[in-house]
Amino acid sequence: MALISTSLFSCSSDDSSSDKPVVTNGSKYVASYWLADYTQYILDFNSIDQLMTGEISAKGVGVEQGGSCFPIENTFFALSTEDDGAVSFSLNNAGKLVAGNKLSFESSYAVGYTDDKKLINIAATWDGSSADYEIMVYNPADVSITNRKVNNFSVTPGNPELLYWPTGAAVSGDKLFVPVYIKDNKNDIKSSEAIIKVYKYPTLEYISTIKDTRTAAIGMYYTNTGILQTDSGDIYTFSSNAHSGGYKPTEVSSGILRIKKGDDKFDPNYFFNIQESSLNGKVLAAYPLGGEKVFISYVANSTDSADTFFNFLGPKTIFKSAIIDLATKAITPVTGLPDHGGDEFFGVGSLFVENGKAYKSFVTGTEARVYQIDIATGTAKAGALLKEGLYLPSIGKLTY
């Protein structure tokens, strides 16, 4: 998520030694803020320390802006399906946060990043009125859709009553991976196996649908935290098989699968059974930390029950955290972070990594704070109090 600083040099047309390069390398941290009344703002901070001290307030300082926000290619993109359109924010030459061009999106249910610094958006019809979903490639460089293609997401062609529902997207090399679960037009969810629809990238041509019976459905509704690419180029998927993830658990275990770089199938030699690991729980969401490590939120096996159905979309403090090295399967429990709530429809983009530390907001009962997590040790430190709301759905860094 950390965005690369850019340096701009200018010089005159002659060879005078008095000419000195002009370097612009200012930066700010930017976050979206969801208030208790559901009003959404975008805030900017001069230092990461401002996320770790005092209180965070949007009153008189934030830019009111609806939509799910994604830090991408030195912009902060607010993807909104409202009539006003989606907006791309950046910093001007004076370091002020300014809104750029707008773009219309009719629907957005699954989102993911690409290797070439673009954003995948999948538009769908929740009511089941159509199985034809549109996959789009958003280019932040010129605020445009560079490619779009409709694909049929019915489980059986010609039968719109049973659908594949997208829970995220990830690109590795020349392939796009879209995890799905099965639902009928009454929204009854079936989650007995892991399923991914595979496409060519960037042409978006359908390749195949791959399945794995070692675990259940990948990801959760509208969170986009069930699939990611690590620095090696491998794709990893996360299946909760949990009531708290919005599923009726089956006899398989919550676990992690892998698709090796260059492949378009699940790795038969890799399965990380989280339910039977030392965590003794079910993985709900994963956030990349760099290298092969991820930060995960999970629920204890003994806590997950019918009474916690869909709790990951709420503030009930039943979730715990850990850091996992996916390549070695080493687990580092996170300490100093109390049991916390879920992400309330937000996930991807809500954790920011810089200098060996991860930053993310958590609801921990009667309050919500930003926490800093040391990636090497798993030690968490409480930061700024969120004064008027519960969530920073997205955190990024912009340069100017």
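Predicted model: local features only at pLDDT ≥ 70, side-chain atom pairs only at ≥ 80, totals over all residues.
I started at Ser-254: a polar atom of its side chain sits 2.7 Å from the backbone oxygen of Ser-239. I counted that as a polar contact (a pair of N or O atoms within 3.5 Å, one able to donate a hydrogen and the other to accept it, with residues adjacent in sequence counting only if both atoms are side-chain atoms).

Residues are numbered from 1 along each chain as its sequence is written, and side-chain values use heavy atoms, with hydrogens and water left out.

Next I checked where Ser-254 is: in the loop between strand E20 (235-239) and strand E21 (255-259). Strands here are DSSP runs (E, at least two residues), numbered from the N terminus. Buried or exposed? Ser-254 has 0% relative accessibility, so I put it down as buried (under 20% relative accessible area; exposed is over 50%, partly exposed in between; 1.4 Å probe, protein chains only). Not counting residues up to four places away in sequence, I found that Ser-254 touches Ser-239, Asn-241, Phe-272 and Lys-282, among others (contact means heavy atoms within 4.5 Å).

Then I looked up a sheet. It is open, has four strands in the order E5-E6-E7-E8, and pairs antiparallel (strands pair if DSSP finds at least two bridges between them). Strand E5 (68-72) and strand E8 (97-103) are at the edges with a single partner strand each, so one side of each has no neighbour in the sheet. I counted five bridges from E5 to strand E6 (residues 75-79). Ser-68 has Leu-79 as its bridge partner in E6.

Both residues turned up again in the second largest pocket: Ser-68 and Leu-79 are among the lining residues closest to its centre, with Gly-67, Tyr-222 and Phe-346. Which strand gives the largest share of that lining? It is E5, with three residues. I also noted that E5 and strand E31 (389-399) each supply at least two lining residues.

Last stop was Gly-291, in the loop between strand E23 (281-290) and strand E24 (293-300). Gly-291 has a relative accessible area of 30%, so I logged it as partly exposed. Leaving aside neighbours within four places in sequence, I found Gly-291 in contact with Thr-230 and Asp-231.

Definitions and conventions. 1 Å grid on protein atoms, 1.4 Å probe; cavity = no way out; pocket = protein on both sides within 12 Å on 5 of 7 lines; lining within 4 Å.
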